[in-house]
Amino acid sequence: SEEAATAPARRRTGREPSSPSVVSTPNGPGALLAASIPQGAQVFVDGVLVGTTPFLLPGVSAGSHEVRIELAGFQTWSSSVQIEPNERFRLGVRLQQ
């Protein structure tokens, strides 16, 4: 109807809530920042290759995730990490030969 089409225009008062992209949601995704010494290692999250270090992975669902870091000539590093909603988990790993 015409009324429904014009209602949003009349309600713009400057007091509208911020857009969802900047509002923290209690169960919003977090992010994983993975770094390694040496750099250039492959990063796997829940068994899926997501990038190479240093690497920022946004949009990671909150909760526990298995992270594995591999680089030829070095021992594989793996652990479970707990991603918190709307927070960045920083992971720094020194790979052993």
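Mentor: Read along the sequence, the chain follows the pattern α-β-β-β-β-β-β-β, which amounts to one helix and seven strands. Keep in mind throughout that this is a predicted model.

Trainee: What share of the residues counts as buried, and what is the accessible surface made of?

Mentor: Of the 97 residues in the chain, 24% count as buried, where buried stands for a relative accessible area under 20%. The accessible surface comes to about 6700 Å², and carbon and sulfur atoms account for 51% of that area.

Trainee: How much of the contact pattern comes from residues 24 or more positions apart?

Mentor: Take the contacts in the chain with a separation of 6 or more as the reference set; residues 24 or more positions apart account for 47% of them.

Trainee: Now to the sheets. Which strands make up the open sheet with mixed pairing, and in what order do they stand?

Mentor: That open sheet has three strands in the order S4-S1-S7. Strand S4 (55-60) and strand S7 (88-94) stand at its edges, and each has a single partner strand, so one side of each is left without a neighbour in the sheet. From one strand to the next, the twist averages 15°.

Trainee: In what sense do S1 and S4 pair, and which residue is the bridge partner of Gly30?

Mentor: Strand S1, which covers residues 30-37, pairs with S4 in the antiparallel sense over four bridges. For a particular position in this pairing, look at Gly30, whose bridge partner in S4 is Val60.

Trainee: What is the strand order in the open sheet of four strands?

Mentor: The order there is S3-S2-S5-S6, and the pairing is antiparallel. S3 and S6 stand at the edges with a single partner strand each, so one side of each is left without a neighbour in the sheet. When direction is ignored, neighbouring strands of this sheet are turned by 30° against each other on average.

Trainee: How many bridges join S2 to S5, and how many are there between S5 and S6?

Mentor: S2 and S5 run antiparallel and are joined by four bridges; within this pairing, Val45 stands opposite Val67 in S5. Strand S5 (residues 63-70) also pairs with S6 in the antiparallel sense, over seven bridges, and here Ser64 has Gln82 in S6 as its bridge partner. S5 and S6 form a hairpin with six residues between them, and Gly73 in the turn has a positive phi of about 90°.

Trainee: Which residues have a positive phi although they are not glycines, and where do they lie?

Mentor: One of them is Asp46, with a phi of about 50°, placed in the loop between S2 and S3. Asn86 has a positive phi of about 60° and is likewise not a glycine; its place is the loop between strand S6 (77-83) and S7.

Trainee: What are the relative accessible areas of Asp46 and Asn86?

Mentor: Asp46 is partly exposed, with a relative accessible area of 43%, and Asn86 is partly exposed as well, with 38%.

Trainee: Is Gly47 buried or exposed, and how far apart in space are Gly47 and Val67?

Mentor: Gly47, found in the loop between S2 and S3, is exposed, with a relative accessible area of 53%. Gly47 and Val67 are 20 residues apart in sequence, while their C-alpha atoms are 7.7 Å apart in space.

Trainee: Where should I look for cis peptide bonds, and what are their omega values?

Mentor: Look at the peptide bond from Ile37 to Pro38, which is cis with omega near -5°; Pro38 sits in the loop between S1 and strand S2 (42-45). Another cis peptide bond joins Thr53 and Pro54, where omega is about -5°, and Pro54 belongs to the loop between strand S3 (48-52) and S4.

Trainee: How is a pair of aromatic rings described in general, and how many such pairs does a search of the structure find?

Mentor: In general, the description uses the distance of the centres and the angle of the planes. In this case, a search of the whole structure finds zero aromatic pairs.

Trainee: Which charged end sits over the ring of Phe44?

Mentor: The charged end of Arg68 sits over that ring, 4.1 Å from its centre.

Terms used. Residues are numbered from 1 along each chain as its sequence is written. This is a predicted model: local features need pLDDT of at least 70, side-chain atom pairs count only at pLDDT 80 or more; totals for chains, interfaces and linings use all residues. Side-chain values use heavy atoms; hydrogens and water are left out. Helices (H or I, at least four residues) and strands (E, at least two) are DSSP runs, numbered from the N terminus. Buried means under 20% relative accessible area, exposed over 50%, partly exposed in between (1.4 Å probe, protein chains only). Contact means heavy atoms within 4.5 Å. Accessible areas come from the Shrake-Rupley method with a 1.4 Å probe; for residues, only the protein chains shown count as cover. Rings of Phe, Tyr and Trp (its six-membered ring) pair if their centres lie within 6.5 Å; planes under 30 degrees apart count as stacked, over 60 as edge-to-face and the rest as tilted. A charge sits over a ring if NZ of Lys or CZ of Arg is within 6 Å of the ring centre and within 35 degrees of the ring normal. Two strands pair if DSSP finds at least two bridges between them. Axes are lines fitted to C-alpha atoms, for helices over the stretch in contact, and angles run from 0 to 180 degrees between N-to-C directions.
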